[in-house]
Amino acid sequence: MIQSVDNVALLPAYLAAGTAVLVLLADLLIARRGATVAVFAAGAAATALGAVLVGAAGARRTFCAGTDCSYLAGGRAALVGCLFALLTLGVLALSAPLLRSGQVPPGEYCFLLACSMTGGVVLGAAGDLITLIVALETLTLPLYVLVGLRHRSVAGAEAALTFFVVSVVATAITLLGAALLYAVTGAVHLSRLDAVFTAEANRPVAVGGGFPEGPPLLGLPLTVVAVALIVLGLAFKVAAVPFHAWAPATYDGAPVPVAAYLSTASKLGGVVALLAVTAAALPARLTGPLLAVVAVSTMTVGNLVALRQRRMVRLLAWSSVAQAGYIVAPLGALALSSGRGAEAIDTAVAAAVAYTVFFVVLELAAFGAVVALRPAVADGGEIADYRGAARRRPWVGAAFVLALVGLAGLPPGLAGLFAKVTVVRSLLAGDAGWLAVVVALNAVIGLAYYLRAAAILYAPEPAAARAGDAAAAPVVPAEPGAPAVPPGAPVPAAEPVRPAWAVVAALALATVIAIVVGFAPQLVLDVAGL
Amino acid sequence: MNLGGTALVATLAVPAVGAVVLALLPGRFDRAARITGTAFAAVTLVIAALLTVGATDTWAVYDPSPPGAPVGAAPAIWPWHRVDLTWVPGLDLRFQLGVDGVSYPLVVLTALLTLLCCAYTWWRVPAPGRGRSLVALLLVVEVGILGTFLALDLVLFFLFFEVVLLPMYAIIAVWGGEDRQHAARKFALYTLFGSVLLLVGVFTVVAAAGTADLTVLTGGTGLSRGTQIAAFVLLAIAFAVKSPLWPLHSWLPDAHTQAPTVGSVILAGVLLKMGTYGLIRVAVGVAPEGARAAAGVLGTLAVAAIIVGSLVCLAQSELKRLIAYSSVGHMGFVLLGIATLTATGIQAALIGNIAHGVITGLLFFLAGAIKDRAHTGALAELGGLRESTPRLAGLLGFAAIASLGLPGLAGFWGEAFAVVAAWRVGGPLWTTLAVLAALGGALTAAYLLRLLRRVTHGPASPAVLTLTPGLAGAELLAWGPLVLLALAIGLAPTLVLGFAEVPVGALLEAIR
């Protein structure tokens, strides 16, 4: 059988994969760091552009078997592809000091990042469980290496191993679930699964005993187990409780830009996969209660443990565990909503997507600020190392505070506030008031540690007497100059280093985007509703 | 947008622009920045005061119909001016502002107190300096408070409610007293606890009614009894934290005591009023069924706040902490008035709000001045203030007497009529509450007189004897308007009630 392939629909995937190949070739033939990075940046930008153009041209589908297709290039695929490409670009910019330091080989680093991006771009368009899992693995596999790529870094190796073992187990669980589901339904395509389960849910009740043969599909233990395995396997990828333990260790051991990628792009991948199966394929009656429990425990555990963290990257890691709970919450409400029609699902999915978009922007800004405030090759460091950092580098400090406050969901971080509002609104529209209260109370716990991190940025340094900075050092002075260290004073742990322009540019861009979508959240809501 | 609408937007835009300008000014122009900020605050006050131009139902231009005449089919909220712009349709959020007789006095009070606080920073910036940032934050807080009072869209109301939180946190955490970090965190977490419940309550209403327009929602049209009760409980807890209502008040003494003088003035003067205003306009207005169901509980808690607040004050030994706790008692009277759900009660609450803002604002200014001079706030060490600084002692005496509710001064009307309103509701519960509240009023007098006896009279302590009698010009400038207002409102309560009469009548008509 000859299948016609719609190459236009595949254009973003081609561009992403082509970027990976070109990066490899550039590294091989030109062997200069600048060239490799430039090729990568151009390729990622082209991928983003391609995704937008293909998405704007209307919905396309390819690799079809009958009416079910494995590759669906619609509006949401364009959004996911574009986000992945932009996040990769952002992480590349944050990696500039790391690449320059020679701690990681630039060619390999860029190639692996591009491979991961390819997985993400395909993931957004995946139309069957196999494509979905393969794309997710393509996204994750290079990260095992990236986490441990630093020379002579024991922490990195440990982190990579933790991540590898946990992630492989998760993939195996998801695959097992997919296989069981295939055994029950005979379908792998998401649209086919949806049709099967919809037909099953609407099956007329047997009155006289003369109705279709066989037990009800939704009541089969095998179906329940299969659905649960798929959802839980994917929950690993978003680092949802109880499958979250890998995240803090991995984030902290990885280079900071890779941690940024893990908590933005990789998490986005998990969310997209979870959305794809829960919204389009699996029955909400089964996934809903499961996801509601996962959401509640994820946000609560994430926030409570984050309260006790002493290391900055671990704080961000636990906070991003908690944020995953907020993302999943609207999906958990699905099963509880009385409507449960297509409209209810669309509202919930749009809320989850919108929250994710707001979240990745703020998270990237937060990690960008961490990179900008730390020496080139250092890890995230202790939170105490950031004492007074905003006084030394006011603009970076202000951006960091904006990102943290946004993650806490308070003005002036309006983007984060509207993200929370979107989730709470969708929960209340879905009759899940108790879940909305849980989300709201978690926001209070969250503020406690975000506030602690933000306050330490402006805390007076122990070395400098309070009288010293009473006169000067306003909150946002124009000159980001070095502080006046009195001669003989002990040098602060984190000597202010001028960050690379790429880092500053990425941080500035992420902050500007966060401010813009904070004042015009409708932009995100429109895109999320596609 | 017509002139009135432009003025509404300008009321919020001017302080917001002022804050941005101050943030962009280089740090070395600290004094110039403080003066610029004060100028912005002054312009805001002028615009806010002018909002009454064009009003049709105030004491100045209202043609009083015969007493007892029904308000008729007038809408529940009839703003003098309004703005209605699309912002985020996906979240039912419209940029909808309006001002009427309920919000106008609070708007003017907010603008006035912010101006006085900004002007006060000319003379004194609390440690560690950086007056520019302090004034900028004060202006941001002003935007949030004014926006809360002006918003006619529930979601917008929530948004402005949240805006206040972090700037106020920063004011306490940076410029506060010894234990400022702890107090600031407590303030932020408590207040956020309230405002997240507000968020849930707001969207409970919005999801059920399909609109966030307060002018449509007032009266509880289209909401089932169950929804109204759920919404009222959520909203009432949210506003009870802010007001604060016993037993959710414990953030207040710490925050007020540790905050710098200007922070305490704004906190006590207008920030607490966001809670009581929200209770009247949002909680009672949108969920009247819920309000009726919970009125007894609310009233009981309010009286408990009065009694507990007064008793705690009797045992306080620190000046600022005493004034802070007195707010719990005074706000108890305001909440008691609201809980009666009668015209007298709500009017008492509105005038009590304004009076408390003026008097407690003045008290915190004076307490700050005394602490700055004597370097102590312990009552035991402040004896004999009358001998070394007679003017300061006199002003403190005036403010304390105004606060205890002497007839003829501003504090009288709110407390007396809250008790009257509770008595008029009748029944064993409300009669008991009225009696207990009256008893609380007596306790209020007791602790304020004790304060005066300890501080102004009595043997002079060494810390006080060294003080110089003079008062700075900026101090007189900041305190003068408050002294005059306390007198003026006391002698002519119609200054506030005249604005509120018609809108309160319309509200009660709508929630009947």
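Two residues are in contact if their C-beta atoms, placed from the backbone, lie within 7 Å. The model is predicted: local features need pLDDT of at least 70 and side-chain atom pairs count only at pLDDT 80 or more, while totals for chains, interfaces and linings use all residues. Residues are numbered from 1 along each chain as its sequence is written, and chains are lettered from A in the order in which they are written.

**Exercise 1.** Describe the side of chain A that touches chain B.

*Solution.*
Step 1. Count the residues: 34 of chain A are in contact with 30 of chain B.
Step 2. Find the helices (DSSP runs of H or I, at least four residues, numbered from the N terminus). Helices H17 (414–429), H18 (433–458) and H20 (522–528) of chain A each supply at least two residues of this side.
Step 3. Find the main contributor: H18(A) gives the most, with 11 residues.
Step 4. Sort by class, where Ala, Val, Leu, Ile, Met, Phe, Trp, Tyr, Cys and Pro are nonpolar, Asp, Glu, Lys and Arg are charged, and the others, Gly among them, are polar. This side of chain A has 29 nonpolar, three polar and two charged residues.

**Exercise 2.** State which residues of H14(B) and H16(B) meet, and sort them by class.

*Solution.*
Step 1. List the residues: B:Ile359, B:Leu362, B:Leu363, B:Leu366, B:Ala369 and B:Ile370 in H14(B) meet B:Leu392, B:Leu395, B:Leu396, B:Ala399, B:Ala402 and B:Ser403 in H16(B).
Step 2. Sort them: 11 are nonpolar, one is polar and none is charged.

**Exercise 3.** State how many helices and strands chain A has.

*Solution.* With strands taken as DSSP runs of E, at least two residues, chain A has 20 helices and two strands.
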